[in-house]
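Subject: Handover of a structure

Dear colleague,

Please find the structure below, followed by a summary of what was found in it.

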Amino acid sequence: MTAMALAQAVFRPEFIWDNRHIFVGGVKWTLVISLVSFVLAAVLGLVVALLRMSPSPIIGPIVAAYINLFRAIPLLVFVLFVYYGIAIQFNLTITAIQAGILTLTVQYSAWLGEIFRSGIQAVPDGQRQAALSVGMGRAQAFFRVTLPQAARIVIPPTGNMFIGMIKDSSLVYLIGVEELLRVSYVLANRTFRYFEVYMATVLVYLILTTGVYFLVKYIERRFALVDLLVSKTRSPFARRKAARLRRLQESLSGGGSAPSGPSV
Amino acid sequence: MTAAAAAPGNGDLVLRLRGIHKSFGTNHVLRGIDLSVGQGQHVVIFGPSGSGKSTLLRTANLLEQPDSGSVWFDGKEYGPGIPGAGGEDPPRGKPRDLRQQVGMVFQQFNLFPHITALENVALALRRVKGAKRAEAELEAASYLDQVGLLDKIGAYPSQLSGGQQQRVAIARSLVMEPKIMMFDEPTSALDPELVGEVLGVMRTLAESGMTMVVVTHEMGFAREAGDVNIFMDEGVIVEQGGREIYSHAREPRTQAFLDAIL
Ligand SMILES: Nc1ncnc2c1ncn2[C@@H]1O[C@H](COP(=O)(O)OP(=O)(O)OP(=O)(O)O)[C@@H](O)[C@H]1O
Ligand SMILES: [Mg+2]
């Protein structure tokens, strides 16, 4: 009836606009799942990276096995296994959304773990030595000196992983999570407007991933170690800091009472 | 001071290394180093590349754990100790306490590139000594002023010349008010025209009475400041002497090395 009539009609872009609430609902879940999984995967990935570098002859290889295992399983297979193979089969009380987030988190923690490890190892050991030499502890040296530099190094590959996460989150449509691909699939099958619906789906994914791409570029520039002055003097934070430095310089060069210290 | 503090038999002693051995795999880099550094003394160490000079400083600072031997610093004992050595033991210290009081200046500067010169110097004041930001920054700025870099406090390391970076690195160590400063070839990564400004800071520091251990091949500085001069080769101290070592070396190996670099 109506569906058949619609299917026979020519290209009708306004059809998308009329169903925009469906797409918006799907995008919302796509973003929630991607963001939550990514944040969890990043935290877990940092732990994976640190354990992977452990000098212990047991921990390192175990974590290496974890990384290789989860990178080797196709994500789609893993999603189905976790939800149907484990959750449903054994009557676990986890929702499809939770199962999807769990799957994405575990797999991405393996990829991110390797990225973080290479970033941490790219920071010269002299940085750690210098931090220790002024009396900082191992944890302080890591979190205040090594990690901030490693973080800058891993911004581009980590950004790429987040783009990958947005795309991969579409795979949880198979276990019934109402994210962008799922709602598109249902809408297309109900209305037979396959071209319009999937065209819109493609465009929305494109907008999301391109948006993230430019966001990552911005973050990369913002925290780059070169051109810091150009990118940093604009923020109010940077202006306050510059003012503080000027006051310090004036208080010391003004011939005022300088604090004690050896006269070098 | 306790009896233990006076144990090495010299009240003026700041640092003493005894029987230090260190290997990396099969590479036996330090082969029994004994070295005493007295209060206010300036020890200069020179020797060919790979002879273990950097490893010696890193071991004295406990950035490397010696395989055997003892590091005595300011009344406390560090390191694994000497096999078979008996006698009363001075109290053992934590490596972190030693490092807080031993300044270290590296050949490659090793400034923290993600923070400004001021933050480089203030970081340990805040995180190790627990100073408030305002006081830490004021203190850090005064040390940067003393090395002639007050106008550069807001600069990031990449915006500074090598000489300026090394002076920031010296300020970063000095701000912790160390009892001893160690320099590992502080000028050898610098363009020739920048060497002078760093040596200038080191001279002033030496004149102020700071205890210093300096690995360097700047013989002008060595002749002038070196109270104790040490030639190291293949992990051992070959010769140790006063300033006369530069004109009348006892060991032919020392003489050959000096002839080659002068
Ligand atoms: N962390 C390390 N791991 C493995 N080998 C090392 C390490 N540090 C130093 N070595 C080795 O120890 C030996 C001595 O090195 P060291 O850097 O102490 O020599 P050096 O006298 O400072 O030489 P240079 O004048 O070139 O700085 C070298 O053979 C070096 O390869
Ligand atoms: Mg060296």
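Between them, chain A and chain B of this predicted model bury about 3600 Å², and 61% of that lies on carbon and sulfur atoms. Buried area here is the accessible area (1.4 Å probe) that two parts lose on being put together, summed over both. In contact (heavy atoms within 4.5 Å) are 35 residues of chain A and 46 residues of chain B.

The count of salt bridges between the two chains is 2, a salt bridge being a side-chain nitrogen of Lys or Arg within 4 Å of a carboxyl oxygen of Asp or Glu. One of them joins R244(A) to E137(B), with the closest N and O atoms 2.9 Å apart. Chain A and chain B also have 9 residue pairs in polar contact, both residues at pLDDT 80 or more. A polar contact is a pair of N or O atoms within 3.5 Å; within protein, one must be able to donate a hydrogen and the other to accept it, and residues adjacent in sequence count only if both atoms are side-chain atoms.

On the side of chain A that touches chain B, at least two residues each come from helix 7 (125-133), helix 8 (138-168), helix 11 (228-232) and helix 12 (236-253). Helix 12 of chain A gives the largest share, 8 residues. Helices are DSSP runs (H or I, at least four residues), as are strands (E, at least two), numbered from the N terminus.

Ligand 1 has 14 residues around it, and S49(B), G50(B), K53(B), S54(B) and T55(B) come nearest; a residue is counted as near if one of its heavy atoms lies within 4 Å. Oxygen atoms of ligand 1 lie 2.8 Å from a polar side-chain atom of K53(B), 2.7 Å from a side-chain N or O atom of S54(B) and 2.5 Å from a polar side-chain atom of T55(B). Helix 1 of chain B supplies the largest share of this shell, 4 residues.

As to conventions, residues are numbered from 1 along each chain as its sequence is written, with chains lettered from A and ligands numbered from 1 in the order in which they are written. Local features need pLDDT of at least 70, side-chain atom pairs count only at pLDDT 80 or more, and totals for chains, interfaces and linings use all residues, while side-chain values use heavy atoms, leaving out hydrogens and water.

Yours sincerely
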